[in-house]
Amino acid sequence: MKLPVHLTLLLFLFSMSFSKAQTIYNESEVPSFEVPDPLVTFKGKTIGTIGDWENVRRPELHTYFETKVYGKIPKNLKIDSYKILEQEDNALNGKANRRQVELTFKHNDKVLSFTILLYLPKKVENTAVFLGYNFYGNHTITEDESVLISTAWADNNEGFDIVNNTLTAASRGKRTHRWAIEKIIDAGYGLATIYYGEVDPDKDDFSDGIQSLLYSKNQKHPKADEWGSISAWAWGLSKAMDYFEKDPEIDAARVIAFGHSRLGKAALWAGANDKRFAGVISNNSGCGGAALSKRKFGETIGVINERFPHWFCTNFKEFNNKEETLAVDQHQLLALIAPRPLYIASAEEDRWADPKGEFLSALYASSVYELYGKKGINIMDMPVVNSPILNTVAYHIRTGKHDVTDYDWEQYIKWADTFLR
Ligand code: GTR
């Protein structure tokens with residue numbers, strides 16, 4: 001049946017106002033809830049020592065996030081081979097070495113490869129590196145003509161000239177504003193990035209991506225407690241780390257996992273899974289990232305699982321509109337990263353990601369950092385905009401929207417200078 005245009009419009013407006021009414025953007029509507037204590041076990045035992053945290057509480061929290069939220073990675077797949085596709089020791093006006101390295105994985109007669117684009121400052125040896133995924137291909141983060149264009153699946157997008165699910169040269173350099181490469185190199189850090197679609201295409205289809213290499217016979221979909229895309233992306237960061245450990249120019253003990261938005265969720269989970277990451281930066285990661293779920297402010301578990309059914313494990317859907325039944329909240333994900341430096345960043349206009357929920361998460365994770373004698377967030381109220389707290393647990397809320405800006409990078413570099421040198 002075809003509805004008259006005015007009726008369709010009316011129905012659309014009605015559904016819009018309905019879904020708007022569902023979204024909490026007002027502090028007075030945030031439900032009261034109990035914040036689960038990172039230092040009290042599920043059975044009620046209080047944790048007072050690093051040993052008990054590491055041997056008792058941390059493992060039970062990690063298992064919960066693994067089986068109920070992001071999903072388990074079924075097997076530790078090793079790099080089958082790696083290949084330097086391209087390198088140049090006079091990149092970025094002579095300041096940096098550039099390398100494009102393809103890692104290949106094989107299992108069950110299937111193959112998956114992804115390419116790390118790496119810039120390392122020439123004046124530094126044994127370089128600390130920021131490692132993060134990009135959304136639209138390595139060639140979008142720089143004007144550098146030599147950066148190879150991925151052939152992996154991409155969602156069609158006019159703004160990024162993606163047609164027929166294929167990345168194109170027309171989008172070269174379109175995301176330079178999110179990657180302060182010059183600042184990073186001038187400060188003596190390396191930058192490594194990967195197109196996230198090479199590890200697992202961002203769509204609700206489990207026939208491709210890294211998961212498909214590790215299926216058991218006749219398996220077509222990860223089990224209820226097995227990896228969704230965020231776990232897959234986190235896995236890819238760890239595999240990049242496997243490569244860094246072989247690379248004599250990189251100081252693998254000083255690699256920071258960085259990510260924006262969904263890729264910030266992946267960076268946090270990578271940091272929680274893999275203690276080799278020296279630190280983690282979550283830029284506007286929001287729901288399922290740094291933001292507390294139980295506040296239900298902005299994006300909620302029900303909404304994210306509906307729009308992106310493939311991001312988390314199937315078990316996570318149990319908590320759609322039932323955040324109160326979760327035994328954990330996201331501050332405990334952050335606590336899994338302790339005592340390593342952790343930076344949570346919000347943006348004032350990014351209410352969908354719940355800046356206050358991100359701040360509180362960093363605050364509530366701090367007791368675990370303090371157990372290690374590290375400085376967490378030591379103020380109870382959110383700082384005003386553009387006044388970063390640069391402790392081992394760092395936080396800022398900047399003016400502006402959901403994005404990565406030069407301001408963000410300036411703070412990350414300053415903080416890394418203190419905690420990574
Ligand atoms: C939004 C999603 C967020 C965030 C964002 C992004 O649509 O609701 O959770 O991940 O996408 O990754 O840009």
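This is a predicted model: local features need pLDDT of at least 70, side-chain atom pairs count only at pLDDT 80 or more; totals for chains, interfaces and linings use all residues.
Strand β10, residues 393-398, has six of its six residues buried, so the strand is largely enclosed by the rest of the structure.

β8 and β10 run parallel and are joined by six bridges. Within that pairing, Y343 has A394 of β10 as its bridge partner. β9 pairs with β10 in the antiparallel sense, over two bridges. Here I389 stands opposite Y395 of β10. β9 and β10 form a hairpin, with two residues between them.

Now the sheet as a whole. Strands of a sheet pair through backbone hydrogen bonds, either parallel or antiparallel. In this model the sheet is open, has ten strands and shows mixed pairing; its order is β1-β2-β3-β5-β4-β6-β7-β8-β10-β9. Which strands stand at the edges? They are β1, residues 81-90, and β9, residues 389-390; each has a single partner strand, so one side of each is left without a neighbour in the sheet. The partner of β1 is β2, residues 96-107; the two strands run antiparallel and are joined by seven bridges. One of the pairs there is I84 with its bridge partner V101 in β2.

Helix α6, residues 262-273, packs on the sheet. The strands touched by α6 are β4 (127-134), β6 (250-260), β7 (279-283) and β8 (342-347), and the direction of the helix makes about 140° with that of β6.

With 14 residues, α10 reaches 20 Å from its first C-alpha to its last, close to the 20 Å expected at 1.5 Å a residue. An α-helix has 3.6 residues a turn, so residues three or four places apart point the same way. The buried residues of α10 include D408, Y412, W415 and A416; W409, Q411 and I413 are also buried.

I come next to the backbone geometry. Most residues other than glycine have a negative phi, and most peptide bonds are trans.

Two asparagines have a positive phi. For N164 the value is near 50°, and this residue lies in the loop between β4 and α4 (181-186). Its relative accessibility is 67%, so N164 counts as exposed, the cut-off being over 50%. For N218 phi is near 65°; N218 is found in the loop between β5 (190-195) and α5 (229-244). At 66% relative accessibility, N218 likewise counts as exposed.

Finally, the chain overall. Its secondary structure comes to ten helices and ten strands. The radius of gyration is 21 Å, close to the 22 Å that the globule rule gives for 421 residues, so the chain is as compact as a globular protein of that length. Along the principal axes, the C-alpha atoms fill a box of roughly 65 × 55 × 50 Å. Of the 421 residues, 57% count as buried. Among contacts with a separation of 6 or more, 70% are between residues 24 or more positions apart. The chain exposes about 17700 Å², of which carbon and sulfur atoms supply 52%.

Definitions and conventions. Residues are numbered from 1 along each chain as its sequence is written. Side-chain values use heavy atoms; hydrogens and water are left out. Two strands pair if DSSP finds at least two bridges between them. Helices (H or I, at least four residues) and strands (E, at least two) are DSSP runs, numbered from the N terminus. Contact means heavy atoms within 4.5 Å. Axes are lines fitted to C-alpha atoms, for helices over the stretch in contact, and angles run from 0 to 180 degrees between N-to-C directions. The expected span of a helix is 1.5 Å times one less than its number of residues. Buried means under 20% relative accessible area, exposed over 50%, partly exposed in between (1.4 Å probe, protein chains only). The radius of gyration is taken over C-alpha atoms; the globule rule is 2.2 Å times the number of residues to the power 0.38. Accessible areas come from the Shrake-Rupley method with a 1.4 Å probe; for residues, only the protein chains shown count as cover.
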